[in-house]
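Subject: Structure handover

Hello,

Here is the structure you will be taking over. My notes on what was found in it follow below.

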Amino acid sequence: MSVAQLAGGRVAAVVRRAATRDPLVIAAVVVVVGVAVMAVFGSALAPYDPNAIYVGPVSAAPSLAHPFGTDDLGRDILSRVLAGTAPSVLGPVIVVLVSSLAGAALGITAAWFGGAVDGIASRLIELIFAIPGLVLAVLAVAMFGKGLLAPTLALAIAYIPIVARLIRAGARQELGRPYMAALRIQGVGSAAICFRHLVPALLPALFAQTTIGFGYAMLDLAAISFLGLGAQPPASDWGVMIAGGQPALIAGAPEQSMFPALFVVLTVLAVNVLGARVTTWAEGGER
Amino acid sequence: MNAGVVRTLAGKLGELALTLFLASVVIFSAVLLTPGDPVAALAGGIRPTPELIEAIRAQHHLDDPVWQQYLHWVGGVLTGDLGTSFVYKTDVAALIAPRIGVTVLLVVYTAVLIAIFGIGSGVLAATRGPKADRAVLIGTSIGMAMPTFVVAILLIWVFARVLGWFPVYGAGDGFADMAYHLTLPAISLAVLYIAFFSRITRGAVVGQLHSEHVDTARVRGIPRSQVFRRHVFLNASPQILAVSGVTVAGLFATSAIAEQAFGIGGLGSLLTEAAARKDLPVVQVISLLLVVVFVVLNAVADIAIAVIDPDSAKPRRNA
């Protein structure tokens, strides 16, 4: 059996055990799958055009016609939340994909070659780490203008050192194990050792970090949009909706801000619960 | 101080200087990496007149080699000449100076809340039995998914509409009024970090409670409170300090969100507004300031850890 098959078998066992022991994990999976469905089919499922104004009364409370109520321009909030799922989820996905790939490559390179390469890589990691993600994202907006693309890429860069540090430490530990020396003595090539043995051994930790990173990226990008620097009105991005609902909130109609905020919190909560479980599994222990 | 602490100190200062130098180069290069003419990048969202173009070229020494431009910029920042904002038509220093105070007060207020409630609830979870532990675990799970902007709108709704105990807009005048105005913004910034610190503290304290030296101290008949203070908490504190520097420094950046939500004219709201107006000279200086704060606070935390636990300063094989 290869390492990947072993890991696959363990995943199934962990999922079974988690499901019987921990209803919280089931709830988290349901939320994540639900949000994924909303991201793909949200626009199609929306009962109204998310940007059409005055489809109902202004700032109305939830009703049968408008289950989440309407906003200060009479737009249907449910439709806007549904249509806003894709842009709100896509950004964090890009952030974790780019930062995980680049961070893993940087961490493994540093651990594999050691010496001067490790020194340069570690310095690079420290440098990126010193510029907070939000600051790098705002700097990107000042350079390239408002919109989600520049902040998303800036955050992807800002998240690299977190992954790189983790993978570098893991790779150093793994490379020091006896089986690595055994593989070398048997004449296994470097590429094969790296990609067939080292990388699979690091995947659980990388996956755990990716899950946790998704939650943070979602909060950071929603914050950028909340600040008015990301997605622009009338887009139905969740962060934009929360910010746009503030006048209605003070006027006594909380629905416009609260429903998108609820979805941000639920999504991040579910992802965090899964992340904690995946971390436990990656560390190979019981809680 | 022993040799290990001094070595850590010297090493830290060297790393600090190098990181700051590299970060300043990155922030400086923002002008060069911006698509289009550097003059347009420095002018921001406004359309410059021919006279203004000449002024910008002269002020930023754009006809000199790039490395000289960098030295002019960094030299200016170090000597207090922060450059000119062409969008706001004033010195960057004049823009920043009156706004630093309110942001520092907000960050300190938030840090105090985090220290009291985060560390406090972590200690409770670790020492007051499984029920308290479970309650804190549930609370922190929710707290860790509560970003500043969500807590802010919840607080605005509750206090603006329902209770009305606290103001939901502006920063106030005078210390007491400012502290009053900054209460809700500080809470909105603190919630996520309270949950985070609670988890870290619980883990660190539980780790110490199960150690042999604590059992020994207890068996020797040392009073419980003293065992906790001198044996458990002191030994747990490096783990808490390790995340404190990053957290407080990060608060200076995230305070932008609370300032935006509660209409406070601080450094963060200036950064946001300047970025929206593509005012690169202002954004560069504030970014550099935030990076300096970040790097310095991290170094301070590392040094504090080295003082409390000199062992951590010894060279490790796998470090």
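A nonpolar core here means a set of buried Ala, Val, Leu, Ile, Met, Phe, Trp, Tyr and Cys residues joined through C-beta atoms within 7 Å. A residue is buried if 20 or more other C-beta atoms lie within 10 Å of its own, exposed if 12 or fewer, and partly exposed in between, with C-beta atoms placed from the backbone. In the largest nonpolar core, which has 166 residues, the members that touch the most others are A:Val138, B:Phe149, B:Ile153 and B:Val283.

This is a predicted model, in which local features need pLDDT of at least 70 and side-chain atom pairs count only at pLDDT 80 or more, while totals for chains, interfaces and linings use all residues. Residues are numbered from 1 along each chain as its sequence is written, and chains are lettered from A and ligands numbered from 1 in the order in which they are written.

The two chains

Helices (H or I, at least four residues) and strands (E, at least two) are DSSP runs, numbered from the N terminus. Chain A has 11 helices and zero strands. Chain B has 13 helices and two strands. Along the principal axes, the C-alpha atoms of chain A fill a box of roughly 75 × 50 × 30 Å, and those of chain B a box of roughly 80 × 60 × 35 Å. Of the 287 residues in chain A, 48% are buried; for the 319 residues of chain B the figure is 43%.

Two residues are in contact if their C-beta atoms, placed from the backbone, lie within 7 Å. Taking contacts between residues at least 6 apart in sequence, 67% of those in chain A join residues at least 24 apart, and 72% of those in chain B do.

Where the chains meet

The contact between the chains takes 35 residues from chain A and 41 residues from chain B. On the chain B side, α1 (3–33), α6 (129–143), α7 (148–163), α11 (224–262), α12 (267–276) and α13 (280–308) each supply at least two residues. That side divides into 29 nonpolar, nine polar and three charged residues. Here Ala, Val, Leu, Ile, Met, Phe, Trp, Tyr, Cys and Pro count as nonpolar, Asp, Glu, Lys and Arg as charged, and the others, Gly among them, as polar.

Setting aside neighbours within four places in sequence, B:Phe149 is in contact with A:Ala222, A:Ala223, A:Phe226 and A:Ile242, and also with B:Ile257 and B:Ala261.

A helix pair in chain A

The axes of α8 (residues 190–226) and α11 (residues 255–282) of chain A come within 8 Å and cross at roughly 160°. Axes are lines fitted to C-alpha atoms, for helices over the stretch in contact, and angles run from 0 to 180 degrees between N-to-C directions. α8(A) and α11(A) are therefore roughly antiparallel (an angle over 145 degrees). The residues of their contact divide into 16 nonpolar, six polar and no charged. Among them are A:Phe207 and A:Leu219 in α8(A), and A:Val271 and A:Trp281 in α11(A).

Two backbone details

Most residues other than glycine have a negative phi, and most peptide bonds are trans. The peptide bond from A:Pro233 to A:Pro234 is cis, with omega near 5°. A:Pro234 lies in the loop between α8 and α9 (238–244) of chain A. B:Lys278, which is not a glycine, has a positive phi of about 55°. B:Lys278 sits in the loop between α12 and α13 of chain B, and counts as buried because it has 23 C-beta neighbours inside 10 Å.

Regards

Notes
Parallel < 35°, antiparallel > 145°, perpendicular 65-115°, else oblique.
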